[in-house]
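Please consult the sequence and structure shown here alongside the text.

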Amino acid sequence: MQVVKYVFQPHGDERGQLVALEEFRDIPFKIKRVYYMYDTKQGVTRGFHAHKSLEQILICIHGGCKVLLDNGYEKKVVPLEKPYEGLYVSNNMWREMFDFTSDAVLMVLASEVYDENDYIRDYEEFKKNVEDTNEH
Ligand code: TYD
């Protein structure tokens, strides 16, 4: 499984760093939604779902966390701990986010607005979807 990590260009000078993200330039889709998680409690794992069509870029803009990606055949754990790094998460990809540091802010750029119908929250259903997609 190919893990796609983006390294964004920080515009640094003596004042500090600044990262700018533009759709179709730095981000491979139109950004329709931004959300972020913070104050995540110790030991919590979030996610446990895939999306039918949504694409996302995950950026841990402060602190760190780990992301488990699972394409139905293979799993990879990706650490996110740099504010200039983005992890691309395609559709049909199961994800779990864990090992959040207490100061972690995980920002997500999403290609669609929130739609509960786009979620696959059952792992067996996810596996079946992946197998059905690959048969056709
Ligand atoms: P949830 O899906 O449980 O987050 P995670 O996948 O990280 O575990 O979302 C938590 C709550 O936030 C849930 O009530 C739905 C709501 N929510 C929105 O209203 N809009 C959004 O864009 C997202 C991602 C969640």
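A residue is called buried at under 20% relative accessible area, exposed at over 50%, and partly exposed in between, with a 1.4 Å probe and protein chains only. By that criterion both faces of E9 are covered: Val105, Met107 and Leu109 are buried on one side, and Leu106, Val108 and Ala110 are buried on the other. The model is predicted, with pLDDT of at least 70 needed for local features and 80 or more for side-chain atom pairs, while totals for chains, interfaces and linings use all residues. Residues are numbered from 1 along each chain as its sequence is written, and side-chain values use heavy atoms, leaving out hydrogens and water.

**Sheet**
- Helices (H or I, at least four residues) and strands (E, at least two) are DSSP runs numbered from the N terminus, and two strands pair if DSSP finds at least two bridges between them.
- Five strands form an open sheet in the order E1-E7-E4-E9-E2, with antiparallel pairing.
- Strand E1 (5-7) and strand E2 (33-37) are the edge strands, each pairing on one side only.
- From one strand to the next, the twist averages 25° (axes are lines fitted to C-alpha atoms, for helices over the stretch in contact, and angles run from 0 to 180 degrees between N-to-C directions).

**Strand pairs**
- E4 (residues 56-62) and E7 (residues 85-89) are joined by three bridges, and Leu58 has Leu87 as its bridge partner in E7.
- Six bridges connect E4 with E9, where Cys60 stands opposite Leu106.
- E2 is joined to E9 by five bridges, and the partner of Arg33 in E9 is Ala110.

**Nonpolar cores**
- A nonpolar core is a set of buried Ala, Val, Leu, Ile, Met, Phe, Trp, Tyr and Cys residues joined through side-chain atoms within 4.5 Å.
- The largest core has 17 residues, of which Leu58, Val67, Leu69, Leu80, Leu87 and Leu106 touch the most other members.
- Two or more residues each come from E4, strand E5 (65-70), strand E6 (75-80), E7 and strand E9 (105-110); E5 gives the most, with three.
- Apart from this core lies another of eight residues, including Phe8, Ile27, Ile59 and Tyr88.
- Leaving aside neighbours within four places in sequence, Leu87 has contacts (heavy atoms within 4.5 Å) that include Val3, Leu58, Val67, Leu69 and Leu80.

**Helix H1**
- The 13 residues of H1 (residues 123-135) should span 18 Å at 1.5 Å a residue, and the end C-alpha atoms are 19 Å apart, which agrees; the expected span is 1.5 Å times one less than the number of residues.
- Asp122 caps the N-terminal end of H1, with a side-chain oxygen 3.2 Å from the backbone nitrogen of Glu124.

Key:
Polar contact = N/O pair within 3.5 Å; in protein donor to acceptor, adjacent residues only side chain to side chain.
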